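Here are my notes on the model you sent. They cover a few backbone details and the contact between the chains.

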Amino acid sequence: MLIAEPAPAPTERRPRLVEIDRLPRSILIGGGLVLVVVLVAILGDLLAPFPYDQQHYLDTNLPPGGPYRFGTDEYGRDVLSRVLVGSRVSLAYGVGASLLSLLIGVPLGLWAGYKGGRVDEVLMRVLDLMMSIPPLLLGLLVLAVTPPALWKTILAIAVITAPSAARIVRSVALGLKGEEFVQAAQARGESERYTVFREILPNAWPAIIVEAGLRVTFGILLGAALSFLGLGAQPPSSDWGLMISEGRASVTIAPWVSIFPGLAMLVTVIGFNLLGGGLRDALDPRIARDYLH
Amino acid sequence: MARYVLKRLVYLVAILWTLTVVIFGITQVLPGNVAKMIVGQFQDPTAIAAIEQKLGLNDPLPLQYWRWFSRVLHGDLGDSLVMQRPITPIVLDAFVNTMSLAVVSIVCVAVVGVALGVLGAVHHGQWSDHVTSLFTFVGISVPEFFWGIVLILLFAGYFKVLPSTGSAAFVDNPSEWLKHLILPVVTVTFTLLAHVARQTRSSMLEVLQTNYVRAARARGLPERVVILRHALRNALLPTITVLTLDLGFLVGEIVVVETVFAYPGFGRLTVYAIQQRDLPLMQACIVSISAIYVLANLIADLLYAYFDPRIRYGAVSA
């Protein structure tokens, strides 16, 4: 299941939008897991047996069983409810930050790749500089000086991942610049904006989607690490990284407080990893070899 | 080679200098200044003004930067606000601890990763290939702190064979030092293994198809020699690239893992500085870690250029 499946071969029949039996298995399994997580995030409050922040003072650190399927934490909060609602924050870190980083990185990359010359040179040096600070450290630096809040963490992850998005888009744009359809647009006297967004961008989508898919897990894990260090979602909100951190002190007497959010995160990340890898193989095997390792 | 080294050194100095500007700028410009942090929650305006005067916080920013930067150049990183003592010795202690963790970890990642990659490639498609792929895949899908807690639960809580937190000095007690290092190193290795193992596996698969490997086999050399001497040597170059890319992740892993295991290194010091809002300590930590990281990258690049002459002549854009 972990071996890269070959891209689906072109068929004689009129292609349907999605040919389920031809999709790589990793997309099906990964997509299924991701779908479950997304549904849980949307329906979180309805599925949760208790409000996620309700404290049952008489039922602290209870093992799984009875009304509390996943046990309770040191405040007597239901771990299952917190895990279910916590999926929202994880998705916000992963998907939210990825989209935001594309919003920053894609135009920059397109612009640099298309213009070339000095613009490209300056931009690339700035990105080099940003990438010369290790990712987590950059996050710590930005988040340390202001009071922590969820949106700031998401923004920080987006800023950290934007340079690599910009680089990948730039290299795609560089490659497409010499293509005939781009030269045709230039010869027609189309504006720069038209050429970049209407001619180059549509052809760069596969690379962008692949990149975004792989960034999601990075965002989830980085967000979790920042939360764990106290720089993400703040108590009493339910976030998996925060929950694992809260359960750390009492891990020997109530391990379920940390274990269940950890397993939830494992399932989510595996889902996105499978989906991202499958998309990469399905959309363009060449992209995988050229731009990623 | 000399020219290449010189070019990279100039670039290194430029990057390091810009880094100090950026780090100083971000920490100084964003809201919440040092004087307020020293005075604390009561915010007495006269006390704040007095401290601002004393620390020169009312001076223009470039002047403040220059004062800080010239002290840093002389090896003086300032005083910690919370601990009330010079930062430089604190940072040096943390440096030794972190480097032992980092070096042992990266060696483990390289050795275990390459071994698993070779195993996967040689047994391509068999169950051992699937098992190693699954193993590394789970590794990158678990946040390092969760895996760290599971290890603490198992080996410190349940089996009680290894200490869960802290560290010991190597000179005082080598066996305690090693015991304290095992769980953090295993955590870092498991979560970083995947990139190296996958890259080694795929480049080994490619190399095993080449004619010189076939020729070596045809000469009747033992399979072990063919794989280790002929194939692996040629498959390792991309693995080295992946290892250098992993250095950035390693820094993040170490910050988190040190926090989980209460290991007295750079990462934990940085988190401590942030939690205590100790601005000078924070600047010192982040500048030092970034400097080490940039230096490590340079060393990796130089090694790479040494092994692959095409790079230093600019034949391949890195």
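1. A:Pro236 sits in the loop between H7 and H8 of chain A. The model is a predicted one, and in it the peptide bond that joins A:Pro235 and A:Pro236 is cis, with omega about 5°. Most peptide bonds are trans.

2. Helix H7 (192-228) and helix H8 (240-248) of chain A each give two or more residues to the side that touches chain B.

3. The contact takes 33 residues from chain A and 41 residues from chain B. On the side of chain A that touches chain B, 24 residues are nonpolar, eight are polar and one is charged.

4. Chain B has a backbone point to check at B:Lys160, where phi is positive, near 55°, in a residue other than glycine. Most residues other than glycine have a negative phi. B:Lys160 belongs to the loop between helix H7 (144-158) and helix H8 (174-208) of chain B. Is B:Lys160 buried or exposed? It is exposed, because 9 other C-beta atoms lie within 10 Å and the cut-off for exposed is 12 or fewer.

5. B:Ala262 is another residue other than glycine with a positive phi, here near 45°. Its place is the loop between helix H10 (223-260) and helix H11 (266-275) of chain B. B:Ala262 has 11 C-beta neighbours inside 10 Å and therefore counts as exposed.

Terms used:
Residues are numbered from 1 along each chain as its sequence is written. Chains are lettered from A and ligands numbered from 1 in the order in which they are written. This is a predicted model: local features need pLDDT of at least 70, side-chain atom pairs count only at pLDDT 80 or more; totals for chains, interfaces and linings use all residues. Two residues are in contact if their C-beta atoms, placed from the backbone, lie within 7 Å. Helices (H or I, at least four residues) and strands (E, at least two) are DSSP runs, numbered from the N terminus. Ala, Val, Leu, Ile, Met, Phe, Trp, Tyr, Cys and Pro count as nonpolar, Asp, Glu, Lys and Arg as charged, and the others, Gly among them, as polar. A residue is buried if 20 or more other C-beta atoms lie within 10 Å of its own, exposed if 12 or fewer, and partly exposed in between; C-beta atoms are placed from the backbone.
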